[in-house]
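User: I would like to go through some of the labels attached to this model and see what each one rests on.

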Amino acid sequence: MFGKSICFGNPSGISKPIALVFLILAGLAALTGAASAGTAAGSLIAAGENVYVSSASYDPAVFFTGDTGTVTYSVTNGNANQSITVNHASFGDSNIRRTSTTYDATASIGPLQTRDYTFSVIADATDGIYYPKFSLSYFGTQSVWHQAKIQVDNTPLVLLVADKPDSFTLGTKDTISVQIANPRKNDVKNVILKVSGNGLEPMPGTTFIGKLASGDHTTVNFTVTPGSESVMNLELDYNNGDNLHTVTTTLPVVFSTDKKQAEPVISNIAVTSSGGVYHVTGDVTNAGLLTANAVTVTSLSPAVPEDPYRSYIIGALKQDDFGSFEVTFTADDAESVPLQLSYKDKDGNVITSQQKVSLSGGTTTVKGPAAGPDMVPIAALVVILLGAGGAYYYLSRKKQR
Amino acid sequence: MDRSLVTLLTKPDGFFLNLNTEPESLGVPALFVLTSGLVGAISAYLIAGLTGKMMSAIMPGMESITGIIAVVSAIIGSFIFWGIVAGVFYVISSSFKGTGTFNRCLEVVGYGFLPQVIGALVAAVYTIMTVPSISVPSLSRSVMNDPQALNAAITAFMHDPAIRMVTQISAVVSIVFILWSAYIWVYGIKEARGLSLRDAQLCVGIPVLLYIIYLVYSVTLA
């Protein structure tokens, strides 16, 4: 009967007494619900005291002024059997300015659970230590506040030329040593050294170093073959977080004489002409302090090298050592011809020098048939023949007697 | 019977005619051998001086040492060559039933050295004229310590056009004058060992031909 009176399909059919009872019951139910709701609110306020910031991290760990990065706060619900509902999270101040939006969507954190809140920030401050605020609101009036230290430090990486040759020489490959140090309080990554310069041939031109820890340093060696005097640019790129930074330095490449280098010197030059072919002989002495390898002498235009000595390889000449050479060439109507002296240093660099040789008098001497034979053998020959003749005469006379 | 030097050089048959009727005498032949050795020593001294000059940078005074060795070798070598030639002729002529003593054989071979004196004279004059124009590379210490570099340097020196010319001219002169000596030796051996002209020609011709082949081989393949 009662069931039949509740009819959602025909409400007008409900009798008045039943409706009255319904209202009374509804009023009691409302009073009961309000009371129970007040009890639950009291227990949640108690739960809010166990919500705390369990960690805060920054990337990069230390900012340059103007660097962008991220700040991540981890919020932990320390209640064992009670969730909390978060409805707002924010971070930042005028020094460490937030560039991303706040967290405004309602979300719950379960019992003993942790949730991360990440904000994009930009460091507008100069060097110093700052304490921007992180705030978390839940249940409308409950909040968590937290301040953590963030440092802004504009100290760059250090780029030093640790070793370089005493002097640069045209076309000579030299090794340069560069030290890279990280004096910052945080690690940097993607460290790349780039070497460049007009007329320079660096090898390698780019060196990837990778991560460089705080307080650490590394050494990079590379070679440079200068084709002309120039300025060597050393550029060090690195990332602080995701921010690219660059340190540059320069190294002047000015040619000068290597005080230790090998120094082959041509001397004792003699020129002989025979049948239109010039024979030039001489000595090469190493007046330097290092060994000259593969010392070679040849003639250059207007001379046309001819066999048998188109070029003459003396070989290695140590300090104070010397070797003789001979080159043959033709040179129509030339007053002088250049002789090219080349050698290799310990790295295989070919160093050349030229010296002109006069073909018509001057400092050269002319040897050959015009120089005339040595008179001593001729005198010996005459003495022998006279002695032999005398002995023969004596023996013949003796035999006849 | 004409014992003049001109006859010896041009008509050795007349020079050696009735040689066996005279007592053996090695004085004049030895004089010829000594003279050829002394004249040849001049060429040897000059060529050896070039070799010494190559090594003078490492061993100062090397020129004098090589020169002395060359002179002594040339003189002693002449006498050794004299003995060897006489010995060879003596042995071969024995197969032709030759008679006569070894000293007589030595004597006629010694007389045959007179063209060698002239040949040595020609070679010496040519060498004296040529050597001043030959450039000699001085070997450095580092080259001396490197066998390959040393070998290359000596090979290059021996292939110097002037050196090759001296070697070739000397070989040609040797061949010409050894043939002249052979001409004398044929008649000398014929008389000294009592052989027929044909046997004497074989006795002398075969070793001389082998010697010439050796000379040509040495010059062309050097």
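User: Why is A:Gly66 called partly exposed?

Analyst: This is a predicted model, and the value is computed from it. The relative accessibility of A:Gly66 is 40%. Buried requires under 20% and exposed over 50%, so A:Gly66 counts as partly exposed.

User: Where is A:Gly66 in chain A, and what does A:Gly66 touch?

Analyst: A:Gly66 sits in the loop between β2 (62–63) and β3 (68–77) of chain A. Residues up to four places away in sequence aside, A:Gly66 touches A:Ile122 and A:Ala123.

User: What makes β1 and β5 of chain A edge strands?

Analyst: The open sheet has four strands in the order β1-β3-β7-β5, with antiparallel pairing. β1 (51–59) and β5 (96–98) each have a single partner strand, so one side of each lacks a neighbour in the sheet. Neighbouring strands are turned by 35° against each other on average, direction ignored.

User: How do you know that β3(A) and β7(A) pair?

Analyst: Pairing needs at least two bridges. Nine bridges join β3(A) to β7 (residues 114–123) of chain A, so the two strands count as paired, and they run antiparallel. A:Ser74 stands opposite A:Asp116 in β7(A).

User: Which residues touch the most other members of the largest nonpolar core?

Analyst: They are B:Phe16, B:Phe89, B:Val109, B:Trp185 and B:Ile189, in a core of 37 residues. The largest share, nine residues, comes from α9(B).

Notes:
Residues numbered from 1 in each chain as written. Chains lettered and ligands numbered in written order. Predicted model: local features only at pLDDT ≥ 70, side-chain atom pairs only at ≥ 80, totals over all residues. Heavy atoms only, no water. Buried < 20%, exposed > 50% of the residue type's maximum accessible area, 1.4 Å probe, protein only. Contact = heavy atoms within 4.5 Å. Axes fitted to C-alpha atoms, helices over the stretch in contact; angles between N-to-C directions. Core = buried A, V, L, I, M, F, W, Y, C linked by side-chain atoms within 4.5 Å.
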